[in-house]
2 protein chains.
Amino acid sequence: MKFNNSVYSLYLTQNSLVAAPVIYDRKIRESQERISAIVVNSGNANAATGEEGLKNAGEMAKTVAERFNISPSEVLVFSTGIIGVQLPMEKVKSGINKAIDKLTNWDLELSARAIMTTDSFPKYTEETVNIEGKKFFVKGIAKGAGMIHPSMATMLAYIFTDVKISKELLDKITKDVLERTFNSIDVDGCESTNDSVLFVATGESDIEITEENKDILFNSLYSVALKLAKMIVRDGEGATKLIEVEVKEAKTEEEAKKVGEIIALSNLFKTAMFGNDPNWGRILSAVGQLHLDIDFSKVKLFIGDFLIYDGKPIDFDKSKAEDYLKNNNEIKVKLVLNRGKFNWKYYTSDLTYKYIEINAEYTT
Amino acid sequence: MKFNNSVYSLYLTQNSLVAAPVIYDRKIRESQERISAIVVNSGNANAATGEEGLKNAGEMAKTVAERFNISPSEVLVFSTGIIGVQLPMEKVKSGINKAIDKLTNWDLELSARAIMTTDSFPKYTEETVNIEGKKFFVKGIAKGAGMIHPSMATMLAYIFTDVKISKELLDKITKDVLERTFNSIDVDGCESTNDSVLFVATGESDIEITEENKDILFNSLYSVALKLAKMIVRDGEGATKLIEVEVKEAKTEEEAKKVGEIIALSNLFKTAMFGNDPNWGRILSAVGQLHLDIDFSKVKLFIGDFLIYDGKPIDFDKSKAEDYLKNNNEIKVKLVLNRGKFNWKYYTSDLTYKYIEINAEYTT
């Protein structure tokens with residue numbers, strides 16, 4: 001993808017087994033405040049590939065830069081696919097050149113398709129925002145379906161807007177967006193070596209974002225990022241359900257997120273959701289595992305609109321709650337902690353036979 | 001079980017959703033240095049049962065104490081089974097009385113059978129240690145097979161020795177034993193509300209354990225506890241393999257344990273083991289998730305005796321490694337970090353279709 005020389009915010013995996021393009025992009029991020037293009041290859045993650053891998057990431061940037069007559073340091077590089085295998089550079093270079101020949105502006109579907117690995121559908125969305133007679137866009141594409149065969153399927157997401165904004169403010173806004181979207185989803189608790197999320201602001205519209213009107217940008221970036229993040233969960237390995245775990249009235253924002261996360265990561269909760277089982281014991285005992293001083297006699301737990309625990313076990317209409325789980329592929333679980341004013345939403349998938357099949361049967 | 005008025009070390013779940021007997025036993029532990037009996041019921045966990053549950057735990061202790069003419073404060077109470085349901089106290093009391101009528105000393109198999117819930121076999125073992133013409137015993141029973149239907153299956157373990165020892169020294173030794181055995185096993189990453197491990201030293205033998213000879217006791221307690229812990233993993237929900245994850249040459253003991261744990265907990269690793277896939281990428285990327293400054297170019301990884309990663313991807317005989325995984329139900333994985341002198345072993349099971357079946361199909 002090619003765009004204006006633009007400010008950007010780049011978030012890379014914190015996994016200490018990092019891929020070559022992640023090491024390469026970290027250096028760009030340290031030294032360059034603006035970029036003009038990104039290049040992504042799919043099928044080979046360029047991970048655990050040592051010095052040669054790093055050189056190849058640089059080659060990819062150089063190939064792109066030459067065609068656009070820009071500096072290689074204006075190009076970010078991303079890879080996804082198999083690990084431990086060197087990139088076939090002749091093929092990669094000719095592929096880059098062919099892609100540039102056909103390049104059209106903002107063809108989201110085509111771009112989203114191009115970066116798929118084991119994804120079952122392309123993931124893209126866009127919004128146009130009108131303010132005071134002017135408008136700006138937010139466009140995003142993503143890939144990811146859990147860390148799958150051969151264990152490095154990776155989440156990649158690229159979100160573009162045409163507002164004018166400073167690098168500092170973009171960083172500040174996108175950090176919050178990231179936390180509440182891509183950093184609040186789980187498929188299998190496994191973090192990839194290549195995970196990357198990029199926000200780019202090209203500055204081509206007439207809208208200038210400042211401290212005063214920054215909520216407008218936050219809201220639209222959040223909306224696009226959340227849609228993409230949910231698509232990734234929905235496409236999770238073997239998933240039959242997208243589950244929203246909403247935590248309300250926590251003491252701190254961090255606590256709200258942690259509570260959501262530990263529920264979302266629990267294999268017992270995820271299998272219960274697959275089995276259409278409104279099992280409050282599995283949810284509360286997962287929360288108990290955080291060793292916080294939560295008073296469970298003040299906690300309320302809902303599945304959909306059904307109150308299933310109210311400070312103690314209660315008689316609820318179990319068959320109705322089961323029907324809700326059976327008949328929906330987007331499930332809401334709400335836990336009210338009743339000890340503060342902070343809320344968080346975490347998104348996860350159910351754990352199914354198909355997950356085992358994908359990860360056990362299709363060996364490397 | 002009835003024994004001498006004995007020193008003991010008691011370890012209880014840290015899950016903040018605790019069961020009534022856990023709250024009850026915590027109070028005993030605070031005030032009593034010696035106990036004389038334990039009582040365990042299976043089938044009902046007495047968890048999420050409020051004040052009435054706590055009163056019932058006290059009733060169980062009182063029923064035992066009256067029969068043996070001891071104080072209720074000398075009796076520890078344990079429960080395992082379904083949550084959110086009050087104990088049927090008439091049935092419980094008559095059960096306790098019947099059990100006491102038939103009580104024989106140290107019938108490990110019978111005791112182990114009596115505390116089973118969804119366990120598929122009774123878990124018990126014993127050792128006799130000879131030193132300088134004298135001898136002492138270590139006997140242990142346990143139950144647990146993952147946190148299963150209805151989500152509260154609980155690990156319970158009771159280990160007895162007849163050495164003479166101070167409470168302080170017993171606490172010190174058993175804390176280490178616990179860390180390297182019951183605290184180093186995983187079936188599904190889920191901690192129960194009732195988990196309890198008890199060590200009792202009756203002092204009936206002629207052997208006195210002091211700082212000088214404490215290694216003898218450590219070794220035999222470790223051996224018995226490890227055997228029981230491995231039985232629990234082997235009996236894990238749907239497990240077909242017991243997997244030992246050995247971490248060598250870590251910077252600190254804590255690091256070694258954490259690395260072992262994150263591998264043992266990884267769904268991708270556990271499904272790979274089920275699929276007989278010597279997948280080094282899943283193991284290393286799990287370790288990377290700790291965000292430590294590990295240099296993966298110095299790391300070696302073995303499955304069984306097969307070196308499968310040696311600072312970089314290597315050509316190894318994949319079919320032989322696969323055969324090793326296929327033909328053994330006790331698997332060894334060894335990761336050499338090459339950055340220190342600390343080692344740890346963590347034990348886990350594979351993740352299988354049967355796990356999903358047990359946890360999704362058998363709803364509460």
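1. The radius of gyration is taken here over C-alpha atoms, and the rule for a globule is 2.2 Å times the number of residues to the power 0.38. For the 364 residues of chain A, a compact globule would therefore have a radius of gyration near 21 Å, and the chain's value of 22 Å agrees with that. The model is predicted, which applies to every point below.

2. Overall dimensions and make-up of chain A. Along the principal axes, the C-alpha atoms of chain A fill a box of roughly 70 × 55 × 35 Å. The chain holds eleven helices and 13 strands. Of its 364 residues, 52% are buried. Taking contacts in chain A between residues at least 6 apart in sequence, 79% join residues at least 24 apart.

3. The six-stranded sheet. In chain A, six strands form an open sheet in the order β7-β13-β9-β12-β10-β11, and the pairing is mixed. Strands β7 (185-186) and β11 (306-310) of chain A are the edges, each pairing on one side only.

4. One strand pair within chain A. Strands β9 (residues 242-250) and β13 (residues 342-349) of chain A run antiparallel and are joined by seven bridges. Ala250(A) stands opposite Phe342(A), a residue of β13(A).

5. Helices on the sheet. Helix α6 (residues 214-234) of chain A lies across β7, β9 and β13 of chain A, and runs at about 40° to β13(A). Helix α9 (residues 280-288) of chain A also packs on the sheet, where it touches β10 (300-303), β11 and β12 (330-336) of chain A. The direction of α9 makes about 55° with that of β11(A).

6. Which residues of helix α8(A) are buried? They are Asn267(A), Leu268(A), Phe269(A), Lys270(A), Thr271(A), Ala272(A), Met273(A) and Phe274(A). Because eight of the eight residues of α8 (residues 267-274) of chain A are buried, this helix is largely enclosed by the rest of the structure. Asn276(A) follows α8(A) and has a positive phi, near 55°.

7. The nonpolar core. In soluble globular proteins, nonpolar side chains tend to be buried together. The largest nonpolar core in this model has 214 residues, and the members that touch the most others are Ile38(A), Val39(A), Ile38(B) and Val39(B). Leaving aside residues up to four places away in sequence, Ile38(A) touches Met1(A), Val75(A), Leu76(A), Phe78(A), Tyr158(A) and Leu198(A).

Terms used
Residues numbered from 1 in each chain as written. Chains lettered and ligands numbered in written order. Predicted model: local features only at pLDDT ≥ 70, side-chain atom pairs only at ≥ 80, totals over all residues. Pairing = 2+ DSSP bridges. Helix = DSSP H or I, 4+ residues; strand = E, 2+ residues; numbered from the N terminus. Contact = placed C-beta atoms within 7 Å. Axes fitted to C-alpha atoms, helices over the stretch in contact; angles between N-to-C directions. Core = buried A, V, L, I, M, F, W, Y, C linked by C-beta atoms within 7 Å. Buried ≥ 20, exposed ≤ 12 C-beta atoms within 10 Å, placed from the backbone.
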